[in-house]
Amino acid sequence: MKEEIQDNLIQIHDLRISIYSEGSYFDVVKGLSLSVCSNEILCLVGESGCGKSITALSVMGLLPTDVAQVTNGEILFRGQDLLKLSASDMRRLRSDEISMIFQDPITSLDPVFTIGSLLTEIIRVHRNVGSSEAENMAVDALEAAQLPNARQRLKSYPHELSGGMRQRVMIALATALNPAVLIADEPTTALDVTVQAQILERLRERQREQKMGMLLITHDLAVVAEVADRVAVMYAGEIVEEASVQTLFDKPQHPYTQGLLGAIPDITARRGSLHAIPGRVPPPQVPPPGCEFAPRCVHALEECWESRPLLEGSGEGKLRCFNPQPLIT
Amino acid sequence: MLIVLLISSVAVFYAIRLSGGDATAAALPGSATEEFREEFRARIGLDKPIYLQYFAYMGKILKGDPGHSITNNASLVEMLKEHGKNSLVLGGAAFALVFLIGVPLGVLASLRRNSWADHGIMSFSIAGMAIPNFWLALLAIWLFASTFRILPAAGCCSGKQLILPAIVLAFEGIALTVRMTRSAMIENQNNDFVRTLRAGGLSEWRVMGKHVLRNAMIPIISLAGLRIGQIVGYALIVEQIFSWPGIGQALVTAVLRRDYPVAQFFSLVLVVLVVLGNWLADTGYTLANPRLRRSR
Amino acid sequence: MNTSDKSLFTRAIQWEQELIVHEETLRANPWRKRFQSVFRNKMLLTGVILGLVVLGLALLGPLFYDADYARQSLRNAHKPPLYKGYLLGTDAFGRDMAIRLFVGFRVSLFVAAAVTALSLLVGVALGMIGGYVGGSTDRVVRSSTDFIWGFPLILVAVLLVGGLGEGLFPVILAVGIVNVAAITRVVRGEVVVLKEREFVEAARAAGVSRFRIMWRHLLPNVLAPALIMASYLIAVAVIAEAALSFIGLGAQPPLPSLGKMIADGRGFLRINHWEATVPGVGIVVLVLAVSMIGDGLRDHFDPRLRHERGRKKLK
């Protein structure tokens, strides 16, 4: 499988995003770097509010520019900096090369158009095809997303479909043009538990079929265990640990990762009570002087308060910690 | 819908009958004898119980013969044709102005939010709602007819004479439509589906001009039906001020002269128009909104 | 290691103090912010100031400006403002325009207050009953309000005035009926949505009586939209009273009403335009004040629009 991982499709270097709120600016993404290769699923994990979604939106060039802006860094797609592209060039890439699936399939589809017209509109914006051919492509995309009765469904309005079916429509919208990169932001969070597994599986199959590079954003470690190839753990706007999924689950090194893993209810181990991480995420207006996690870390040293650890290591595993611990059980 | 029409026809009939006073006073000279008055009442059916009068009246209308004016004996059907045509021209012009000016301005304001264009359009809109239209009409006559003498102050029915009353009649509607369009556009711009469409690589122009506008049109269409009613109401005043011989003017004149067949018939016509407008509003709202259309 | 050990680090202590300061300011902020946002909401502020000016003139004007609104003086007819102690000039009968304007404001405000009180009381009650009870009660409420709402106010008023005779009372009744329908519609719409919400379900499941649910759980939630609607309806009432008085159906002489004053001044625009422009400007200022307060309140209470206001360009 390692041989299949090829070039880096997306490379983010030292990305910094500021948001403006109540008269002041503060960083919500603080020097984030990561890369997504083709034919792999990178999971970006973290608590809500740690900057996952805003990172994804910045890759799409869809940051709400009146409240959030990239202040530093670059986002390379096949070596080309997306932040320097003109608006129309960026538009051409969207959904053709890089596409995105959003969390809430209920509100994410335009309610007054049929799903057929939504799909064909997006297809025809990017491809010079006639309406009947666009319709065929739409049907193919819906079938690939395993929506039953795809052709009849073209005439349905979003409100006539269930949540799971709508999310399949979203998958079809995002994958209809065979993009190289697919970003999925909490694609299953809004769905019923029974549907979640089906949608995840379908996403993973689509990714394998099209050899897409996929960035899956989630706060749910069960999802990570299910589909990820590699995992990047994000805390307060920066990546604290990055590893392959086996390594991360077997030998987490960062105290935060260990805390997260400890927080999954593990039925087989019967360890008794849930392991919650004490404290909470520091407000972005008052960042800690050193390591962002120091205030909540049981292993914090004086050094951790003095200066900020760097993300070190290469290839398989990276870690941002002065005092990594072997796993305690 | 039919029930509403029925109820409103009864209401109008009773209201006008009650308010009509002694109709014979208007129709006959003061020297007429009491017997002659009685005979006159009997001839036009005023001696019967009021509900019988109602049925007789509705029967006549349904047969297409609503009767005659008691002041000048003009056929009501002829009057309706004459005044109806004039009112239709004025009302139609005002209605078209409301949407042809209101919607584009509202869209513009929503797209250039907080720019000078937005502030300008919104100040205009607030002013438009604060100025009562009879006052606006006077100002317009004073300014364009008396001072600059570029437009006629009153009369019917040339294009030039149409300009002032149509604008005055449309003014509040334009102001309201601008606000409504702007807020509907802004509300829909914050919807999640806008992000999905942008992520699909659609141009801003398409996202706003097609999808957001289409969603924003739902409340605007339902407003359109209600506009008909409002225009009918304001026409009563505006036609009067500009001496535009429409239904509104005829109705107000008839009420003042106690010419009750005219008052009754024309208020019935206006009420039917209003009810029709409200019904159109509902239907339009349902048609424009797929979520309310019955699924197959 | 535990927290007490950690706070031995000087940097840690410093940071924790910063954090405490930050949280204190956050906690102190809601009040300051609420206060500031009223002031930052220029629309609301302007509306309130204009409204207070009009209210002040209406209530206090006649006390300080000594004149009789009905006294005629034909020698002093058609005079411009500031003529011989007439602050705003005189009308065709030589009556003092300033005092007539102040009393006209009183009439407008009285009609508006009466109409709004009537329509709020009846409208909120009807809307809650219709929306909550549902069934045939609701059908009656809905179809009758749908019928009345969107009915041209002037037409209703003309019919009523015909039945009751000219004067302010039929005007109040006519505008009141139409505005009741408007409030009922808004309240009913809110209640229909609210009654499906969990907190109402929970109250019902707990056996709370219908009346109590409406009073304790629904009323507080429908009050804000009803009040915002009512502030629009004040403007509607002011304009309607003026329009009806303009065509002679409202306030009867010698009681001044802004609409009647415009109608009186209408014929003399070329001689002395102030006779029409003074009351005309008066109405516009009054309506502007009321609708700005309405808009300001809506901005203040509608979180979606509040969000919009918070946005500024990032440098």
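In chain A the pLDDT averages 84, and 92% of the residues score at least 70. An exception is found at residues 1–5 of chain A, where pLDDT stays under 50 and for which the model has four contacts beyond four places in sequence. Where pLDDT is low, the predicted coordinates should not be read in detail.

An open sheet in chain A is formed by four strands in the order β2-β1-β4-β5, with antiparallel pairing. Its edge strands, each of which pairs on one side only, are β2 (24–37) and β5 (80–81) of chain A. Within this sheet, strand β1 (residues 8–21) of chain A runs antiparallel to strand β4 (residues 68–77) of chain A, and the two are joined by eight bridges; S18(A), for instance, has Q69(A) in β4(A) as its bridge partner. Helix α1 (residues 52–60) of chain A lies across β1, β2 and β4 of chain A, and its direction makes an angle of about 115° with that of β1(A).

Strand β3 (residues 40–45) of chain A runs parallel to β8(A) and is joined to it by six bridges, with G213(A) in β8(A) as the bridge partner of E40(A). Strand β7(A) likewise runs parallel to β8(A), through five bridges, and I183(A) stands opposite L215(A) in β8(A). Six of the six residues of strand β8 (residues 213–218) of chain A are buried, so this strand is largely enclosed by the rest of the structure. In a regular strand the side chains alternate between the two faces of the sheet.

Because eleven of the 13 residues of α6(A) are buried, the helix is largely enclosed by the rest of the structure. The buried residues are M165(A), R166(A), Q167(A), R168(A), V169(A), M170(A), I171(A), A172(A), L173(A), A174(A) and T175(A), and the elements of chain A against which they pack are β6, α3, α4 (131–144), β7 (181–185) and α7 (193–210).

Chain B comprises twelve helices and zero strands, and 45% of its 296 residues are buried. Of the contacts in chain B with a separation of 6 or more, 74% are accounted for by residues 24 or more positions apart. Chain C has twelve helices and zero strands, with buried residues making up 43% of its 315 residues. Among contacts in chain C between residues at least 6 apart in sequence, 69% join residues at least 24 apart.

A289(C), which is found in helix α11 of chain C, counts as buried because it has 24 C-beta neighbours inside 10 Å, against the cut-off of 20 or more. Apart from its neighbours within four places in sequence, A289(C) is in contact with G47(C), L50(C), G51(C) and V54(C). Although A289(C) and V54(C) are 235 residues apart along the chain, their C-alpha atoms are separated by 8.6 Å.

Chain B is in contact with each of the other chains. At the interface with chain A, 24 residues of chain A are in contact with 18 residues of chain B. On the side of chain A that touches chain B, at least two residues each are supplied by α2 (87–93), β6 (98–101) and α3 (115–126) of chain A, and α3(A) gives the most, with three residues. The residues of this side of chain A divide into eleven nonpolar, six polar and seven charged.

At the interface between chains C and B, 31 residues of chain C are in contact with 32 residues of chain B. The elements of chain C that each supply at least two residues of the side touching chain B are α5 (135–148), α6 (153–164), α9 (210–246), α11 (274–301) and α12 (303–310). The residues on this side of chain C divide into 20 nonpolar, six polar and five charged.

How values were computed: Residues numbered from 1 in each chain as written. Chains lettered and ligands numbered in written order. Predicted model: local features only at pLDDT ≥ 70, side-chain atom pairs only at ≥ 80, totals over all residues. Contact = placed C-beta atoms within 7 Å. Nonpolar A, V, L, I, M, F, W, Y, C, P; charged D, E, K, R; others polar. Buried ≥ 20, exposed ≤ 12 C-beta atoms within 10 Å, placed from the backbone. Pairing = 2+ DSSP bridges. Axes fitted to C-alpha atoms, helices over the stretch in contact; angles between N-to-C directions. pLDDT = per-residue confidence, 0-100.
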